[in-house]
Amino acid sequence: MTTVRLGTGIGWRPEIADAVEAMPGIDWVEVVAENVCPGHLPASLLRLRERGATVVPHGVSLGLGGAERPDGRRLTALAERAAALGSPLVTEHIAFVRAGGPLTASPGIEAGHLLPVPRTRDALDVLCENVRIAQDALPVPLAVENIAALFSWPGEEMTEGQFLYELADRTGVRLLIDVANLHTNHVNRGEDPAEALAALPLEAVAYVHVAGGFERDGVWHDSHAHPVPRPVLDILTDLASRVSPPGVLLERDEDFPPTAELERELDAIRGAVEAGDRVRGDAAPERVREPAAAGPVAGATRERLALAQTAVLSSLVAGTPVPEGFDRTRMRVQARALAAKRADVVAKVAPELPEILGDGYRPAFLAYAQTRPMTGGYRHDAMAFVEHLLRPGRLDDPRTRRALREWHRDRSGPRPRSHRSTTRLARATRRALLRR
């Protein structure tokens, strides 16, 4: 497989679109696949493409590490985005994002976030087959990313490096190595990033992610909203001392700093790669072997993984007991993080709700999320939250109840009363002001 040389890039987000276009030395950008529509690409992305910048779609919802086979509709959507953007490859995560369903004869539930798969033979067999299914459905090569984790699975049979090596060796898939996630796993799980890098098939690296985070109470949170710390840059230098990374990308998802600060971070990333280049010898890494033929994964294997993942996810989002062997403190941290992210994203997809509920929005949503898992995406989650609040005895203020009922009626009917989100937001804002 030919390696695509990408260079230095940055994650494209609407909030920094103008800044990214004006930045010098940006060779490529990465866009969250689920946030773009193939028939209505943002003008900024089109201009970047016209001037020769590569655009790579990065999926977050496929759930290749889940027990179920990849959803055909999600694969088709990812393929359409790759075609529309003229991308040389697409990327996803080694993670599970939903559980339950037919394999467990239980309702399906969603995490709304990327969760780690157990490094076991069962999980590896399922992941390899899911990756092959995805590779067959996509028009361009696939690369998969190691994720950050707040907790570990008990009884794991491989290190991260061994797990990733076997995955690449058995499927021929490329690897997207996130050095910030290696740092996260070093702090949270005691895993040595140098040992992980030493075990990787470095010839399979497609590109590298770099991002910031913060530490609280001994737990590292991969926030993508803070500056890149020195330890992450040091891991990048270590990687670059072993292999020349085809591409390196800065991720930033929120709390965007001034453009000059982003440019300084990109300069620091280039400097970290150059420091590794000076150390690296000229020996070429070993060539990836052709993936071996493999038979289908036994149904019992998928069922075992499904039961384990459903028990974990239920404890995180539905208040069921934490499975034996897991660190209960870390699981509580993860549960709070998932609920907080749900609250934040619902506030973005339904901005009228914080306007209607005011300061009461967040505590009300967090209380709702404690025992009510997400089952159908964030927009469906917003509707379910409002339906919960409209039940008898939930709200004392009749004006708030009327505003929420109107909001719900506007979205649950055959078509919205107004197709203009600004009109709906103005209504909600006016109601909030009148309440005050």
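**Note on helix packing in a predicted model**

1. Over residues 306-390 the chain is 72% helix and 0% strand, with the end C-alpha atoms 34 Å apart. Here helices (H or I, at least four residues) and strands (E, at least two) are DSSP runs, numbered from the N terminus. UniProt, in an unreviewed entry, places the feature "domain: SCO6045-like C-terminal" at residues 306-390; UniProt positions follow the numbering used here, feature names are shortened, and annotations may be inferred rather than shown by experiment.

2. This is a predicted model, in which local features need pLDDT of at least 70 and side-chain atom pairs count only at pLDDT 80 or more, while totals for chains, interfaces and linings use all residues. Residues are numbered from 1 along each chain as its sequence is written, and side-chain values use heavy atoms, with hydrogens and water left out.

3. The protein chain averages a pLDDT (the predictor's confidence in each residue, from 0 to 100) of 91, and 92% of the residues score at least 70. Over residues 432-436 pLDDT stays under 50, and the model has nine contacts beyond four places in sequence for them. Contact means heavy atoms within 4.5 Å.

4. Helix α11 (residues 328-349) packs against helix α14 (residues 378-389) at an angle of about 95 degrees, their axes being 9 Å apart. Axes are lines fitted to C-alpha atoms, for helices over the stretch in contact, and angles run from 0 to 180 degrees between N-to-C directions. α11 is therefore roughly perpendicular to α14 (angles under 35 degrees count as roughly parallel, over 145 as roughly antiparallel, 65 to 115 as roughly perpendicular and the rest as oblique). Lys341, Arg342, Val345, Val346 and Val349 of α11 meet Tyr378, Arg379, Asp381 and Ala382 of α14. By class, this contact of α11 with α14 has five nonpolar, no polar and four charged residues. Ala, Val, Leu, Ile, Met, Phe, Trp, Tyr, Cys and Pro count as nonpolar, Asp, Glu, Lys and Arg as charged, and the others, Gly among them, as polar.

5. The axes of helix α10 (residues 299-317) and α11 come within 8 Å and cross at roughly 65 degrees, which means that α10 is roughly perpendicular to α11. On the α10 side the contact involves Val312, Ser315, Leu316 and Val317, and on the α11 side Met331, Gln334, Ala335 and Leu338. These residues divide into six nonpolar, two polar and no charged.
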